[in-house]
Number of protein chains: 2
Amino acid sequence: MNQVRELDTTLVEALRTLLGERLSTSRGVREHHGKDESYYPYAPPDAVVFPHSTEEVRDIVNICRLHRTPIIPFGVGTSLEGHVLAIHGGVCIDLSQMNQILAVREADLDASVQAGVTRKQLNEHIRHSGLMFPIDPGADATLGGMAATRASGTNAVRYGTMRENVIALTVVLADGRVIKTARRSRKSSAGYDLTRLFVGSEGTLGVITEVTVRLYAIPEAMSAAVCSFKDIAGAVETVIQTLQSGIPIARCEALCATTMHAINAYSRTNYTEQPTLFLEFHGTQAGVEEQARLVQEIAHANGGMAFQWATRAEERNKLWQARHDAYFACLQLRAGTRCVSTDVCVPISRLIECIVQTAGDIERASMPIPLFGHVGDGNFHCVILVRPDNEADMAEAKAFNERVVNRALDMEGTCTGEHGVGFGKMKWLPKEHGAALDLMRAIKRAFDPGDLMNPGKVVSREA
Amino acid sequence: MNQVRELDTTLVEALRTLLGERLSTSRGVREHHGKDESYYPYAPPDAVVFPHSTEEVRDIVNICRLHRTPIIPFGVGTSLEGHVLAIHGGVCIDLSQMNQILAVREADLDASVQAGVTRKQLNEHIRHSGLMFPIDPGADATLGGMAATRASGTNAVRYGTMRENVIALTVVLADGRVIKTARRSRKSSAGYDLTRLFVGSEGTLGVITEVTVRLYAIPEAMSAAVCSFKDIAGAVETVIQTLQSGIPIARCEALCATTMHAINAYSRTNYTEQPTLFLEFHGTQAGVEEQARLVQEIAHANGGMAFQWATRAEERNKLWQARHDAYFACLQLRAGTRCVSTDVCVPISRLIECIVQTAGDIERASMPIPLFGHVGDGNFHCVILVRPDNEADMAEAKAFNERVVNRALDMEGTCTGEHGVGFGKMKWLPKEHGAALDLMRAIKRAFDPGDLMNPGKVVSREA
């Protein structure tokens, strides 16, 4: 995949004329843009460009199309399935310099940003407005990248994923046209839902250059809690009963004992190293207290210990930072490892069964495999710690992943709850979607007949 | 549009062989299926079929395709923009006999139904489960029709629209293939969002035969209130401030004085005939009381009178039935009239301006035009009462509608918040979507190259 390509000098000249110093063909820059957080081998693009505007992206796309050159959009490179790897060469469009916040409309509870704005940048910008943008994948990803991957995070159980929180997108199409996918009203029945079609399209249907997202009033009260359980099933059962009771919990994350051990070592915390729930309640002061009391009762009935509270903002931030760092913490459990991460998501009724069976696989594995996830959504991750140059490790990891994915698909679940397809998950789509996959291919052909938009990803011809 | 077509006897024979008595070419049945709740003239199909299963729908589609005959899906005929009118003739697929509830999964908070199940039927079925399906367009529409129209209703401010509440669809495509648009997990990043593409496609991309929807725990406490205001702006301002405060209000509907008058006459109620909010709070007992107290304070500051409460289920049902009947109540204000309904939706920050300017139009109109709507979503309706055979009435109604739509589009809004496009709103899509409309056409061509799926609606070649 990582073959050396002849540089198309007229292409580079045209891009240089357009962008000057904001074009790079240096090895270092290309290599940085030829990898993500996954274990896949480098696949650097032929050139990297750094546009500042939708118009520049349009011009770049037009130049690339004339030269029949693939186009790979790039945010900050935190994807986990090889989304940004230039497996067919081409030009990487690094959108990180498109980092302007275009409008924050407090009355409408929305904001429009250039695609390179990160979630933390947006939240920092609106810090004094009383509003927040709650979608939080572990990494400080760009909003363009989060939209492209249909990302979510710990708040999805209450606030939804990028699917529910993108209001409109500006997109540069393969033919150079620039479209807005929707108006700014909260709902509309005016035609096909192009917004949702581009959310999750991973750069394969066009380049997202601007994103309008929903914002939320920061709740009057927020309170987080940590609760240990003697087994993971009790933790998950607590979450299921909480949801069925209609308690509007904001976050409910389960972490296995191994993950808690990794977090303690990495984040210098001293949590009990047992299966654990991290919980958060949002609402009025009285509402939060009431929710917490109800969930505590449910947890107790399922073998949960007393809640440890984190109510002050610093304490809560420390707790959630530890949760977000769980992935990196786990990587430290075994020296020199990379991670193969599973990302299945199943209907809640099957979640205990799915996790318990997977815990059996983990016990039989030769490497440490921490397990944690967004159990309120039915989504969990196994972080398989592999030495990427060790064939036995890689074979075992692939077989493990395969078992977990097949298990989830057999339970009416999905191979990826939030990481996306990239090229790493393409092989599962026939089993997951059946004939519907042909329809996805038809959309790809209609939008990108030349197969230039992030080719070889999601549903492209080459698997 | 309503031309008489030669019946294709081999087509009818093939359908009769498949369906026996569940095929009708009688004038009465065809005329019943050639209209909806709109003021548009009848356009009856050539034949009406009543399948019982996805497989029968597939066979019908295959027969129609062989005979190059248009296919129009039909639920209960409550659409408002001519969605179901057979403007190019063809076979109407009446899905009302596909009314089986296939599964209610209490643990997963979801249900799967055949497309002909109505929202009230589903709620009646799950009455004892402690769950509810909250999406409530005024009519008792089918879930297939609601999905196809991307319907919403009074609960959308809290629970979302069909966009947020459809988990998966079974769809018969134009080429006879049957697909499932998604797995049953709550979230997924596995490829393009086909579910959202079919939600709102109005039968133009395929025939929806089964729908899996989200259910919600019935809140511990529900309390509704009625509050009069001296002007509509105060009512709308109350809603805006409520949303900005993050109060999770379940319903907030504004109704003008004329609408209140119509409701009193139709539903034998005695509400104050002034601009009014109908509100509802869902939560725990304490939570509902707290929400209600906060909103009462906001309303008072905006010129609202004291809340009249409806807490018992019968009182609440009576109140919301009156709200749902507002459309029919308004039709009684002027004998022999039909209704041209506007359906714009704008960002909340522009809503007062949009409504106040529209109220000016209403004052200058020659006919009564009640105004009411889902102000929490930015969506409101003007019910223009016309005598359909009176040219002056129709010209005035069209000009009124045009002014309101242009006003909404100029405010970054949409021509239709929830009624859909049908053929009545097609002329607005170029202004609303610009170049994005071409992308919708590309999808239509890719999914339905023969233009047989509800042709002439949404984005079809003929406007």
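**Entry 1: a strand in chain B**

I began with strand 13 of chain B, which pairs with strand 17 (residues 371–374) of chain B in the antiparallel sense over 2 bridges. For my own reference, strands (E, at least two residues) and helices (H or I, at least four) are DSSP runs numbered from the N terminus, and two strands pair if DSSP finds at least two bridges between them. Before going on, I noted that this is a predicted model, where local features need pLDDT of at least 70, side-chain atom pairs count only at pLDDT 80 or more, and totals for chains, interfaces and linings use all residues. Residues are numbered from 1 along each chain as its sequence is written, while chains are lettered from A and ligands numbered from 1 in the order in which they are written.

Which residue is the bridge partner of B:A254 in strand 17 of chain B? I found B:G373 there. I then turned to strand 14 (residues 276–283) of chain B, which runs antiparallel to strand 13 of chain B and is joined to it by 5 bridges. In strand 14 of chain B, B:E280 stands opposite B:R251.

Is strand 13 of chain B mostly covered or uncovered? It is mostly covered, as 5 of its 5 residues (251–255) are buried. Buried means that 20 or more other C-beta atoms lie within 10 Å of the residue's own; exposed means 12 or fewer, partly exposed is in between, and C-beta atoms are placed from the backbone. I also checked directions: B:R251, B:E253 and B:L255 point one way, and B:C252 and B:A254 the other way.

**Entry 2: the core**

Next I looked up the largest nonpolar core, which has 298 residues. Such a core is a set of buried Ala, Val, Leu, Ile, Met, Phe, Trp, Tyr and Cys residues joined through C-beta atoms within 7 Å. A:I93 and B:I93 touch the most other members. Leaving aside neighbours within four places in sequence, A:I93 is in contact (C-beta atoms, placed from the backbone, within 7 Å) with residues including A:V49, A:I72, A:F74 and A:V207.

**Entry 3: where the chains meet**

The contact takes 77 residues from chain B and 77 residues from chain A. On the side of chain B that touches chain A, helix 17 of chain B gives the largest share, 7 residues. That side has 32 nonpolar, 26 polar and 19 charged residues; here Ala, Val, Leu, Ile, Met, Phe, Trp, Tyr, Cys and Pro count as nonpolar, Asp, Glu, Lys and Arg as charged, and the others, Gly among them, as polar.

I then laid chain B on chain A: a turn of 180° and a shift of 0.0 Å along the axis give an RMSD of 0.0 Å. The two copies are therefore related as by a two-fold rotation axis. The superposition is by least squares on the C-alpha atoms of residues with pLDDT of at least 70 in both. Because 100% of the interface residues of chain B are also interface residues in chain A, the copies meet through the same surface.

A:L109 has a positive phi, near 55°, though it is not glycine. I found A:L109 in the loop between strand 5 (101–105) and strand 6 (110–114) of chain A. A:L109 is buried because 21 other C-beta atoms lie within 10 Å.

B:E202 also has phi near 55°, and B:E202 is buried, with 28 other C-beta atoms within 10 Å.

Why is A:N317 exposed? A:N317 has 12 other C-beta atoms within 10 Å.

Conventions. Contact = placed C-beta atoms within 7 Å.
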